[in-house]
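Subject: Structure handover, salt bridges

Hello,

Here is the structure for your files. Please open it first, then read the notes below.

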Amino acid sequence: MDQLSLFDTQTRQSHSLASTPLADRMRPQTLEDYIGQKHLLGEGKLFRKMLEQDQIPSMIFWGPPGVGKTTLARIIANRTKFCFLNFSAVTSGMKEIKEIMKQAEENRAYGVRTLCFVDEIHRFNKAQQDAFLPYVEKGSITLIGATTENPSFEINSALLSRCKVFVLKELNIDDLTDLLSRTMTDLRGFGSMDIHMEDELLPVIAAFANGDARTALNTLEMAVLNGEISPDGSVTVKKETLEQCLGKKTLLYDKNGEEHYNLISALHKSMRNSDPDAAVYWLARMLEAGEDPLFIARRLIRFASEDIGLADNQALQIAVAAYQACHFNGMPECNLNLTQAVVYLSLAPRSNALYRAYETAKADALTQLSEPVPFVIRNAPTRLMDELHYGEGYIYAHDTKEKMAHMTCLPESLTDKRYYLPTEEGAEGIMKERLERSRAFRFGTAD
């Protein structure tokens, strides 16, 4: 057999490093290197305490792609000296489950604990998920399942009841920028290369990744591999190169800074002014710069109640449907779902009566917190309360012809207060007529 020289060995190692995807090379090995999930791994947090005390229950990691579910499972296995068995629900079936469980039983016989990590566990059917139950119950395995779907709907209740659910959040721009900066200097990344790249481009990649570390690293790798190589071997990554890798212009946009609030304000006020053209433009500015579509959808839900309210009862339903569509589709498919909602909300009739009603009521509530509940609408679950006249004089509205009772439900000092003052816009005009009839009857002024 031919012996390898030191040069040959180094060459093969270098080739192996280059052929391994950057995202795999930069996978954190310890908690100290792990980025994000401070709500779980911060000092004093429950999850961190469990790791430090080596008390690891079976659990489900629920979160979007690229936030470190698999990586965290590997770190747990290494830190707690588990035998780590990893397989995917996409490519595995009942045969593979049985083989894994057999291996876990053998490990247990030798006193070795087994951590079984199942990626995309929601893809297993009920029978496959049930196959884990006896092994989880008797402690043959500690199961960690990873899913991007809501476990309440996708994981069998029997298995879910034996697991602790931990929600992993998408990484923010600062987290991803830190990861990319580290990659530029780490020898596992590009630390051995002389790379020239403008500082402002790393946050652009981070924003484009939309919380996904794998996407961020893959994008950086593509940009570096397509950079301009100088005679001295250095690599220059220009903005134009990055734009080609992203497939779009690099719109500089800080999701947490002033421009973030400027743009969402522009979208909201354009819709309020019934200007769908401007509203769609500001929507596109935000989405193409990497804004989270769910953030925009949440703002549309607020707008539907704040600026439209009961003038159009469909507005809130459409906004909520847009949020669900964003959750199901993600970008870029959900851009049209949001556009549909934005145009509809821009052209719907306007009323801020609900907003004014709550703000006025809030001001009174904060200054009159001790105002007692009228006896007539108090509940009387005990004899003592009944003797104290709780609920005395209460009339069940459904027992009356008018479906209303001559009762005052506000505290005595606020009897004449009016909070909801409907407009005559759209369907709210009907609400106004009903409210006027209701008030006239309740206060005995009806004809």
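A salt bridge is a side-chain nitrogen of Lys or Arg within 4 Å of a carboxyl oxygen of Asp or Glu. Side chains of opposite charge can pair when their charged atoms come close.

This is a predicted model, in which local features need pLDDT of at least 70 and side-chain atom pairs count only at pLDDT 80 or more, while totals for chains, interfaces and linings use all residues. Residues are numbered from 1 along each chain as its sequence is written, and side-chain values use heavy atoms, with hydrogens and water left out.

The search of the whole structure gave 18 salt bridges. One of them joins Glu359 and Lys362, with the closest N and O atoms 3.3 Å apart. Both residues lie in helix 20 (residues 353-367), 3 residues apart, so about one helical turn separates them. Helices (H or I, at least four residues) and strands (E, at least two) are DSSP runs, numbered from the N terminus. Glu359 is partly exposed at 29% relative accessible area, and Lys362 is partly exposed at 33%. Here buried means under 20% relative accessible area, exposed over 50%, and partly exposed in between (1.4 Å probe, protein chains only).

Salt bridges with shared partners also join Arg272, Arg302, Glu306 and Asp307 into one network.

In helix 4 (residues 46-52), Glu52 and Arg48 are 4 residues apart, about one helical turn. Their side chains form a salt bridge (3.3 Å, N to O). Glu52 is partly exposed at 46% relative accessibility, whereas Arg48 is buried at 13%.

Regards
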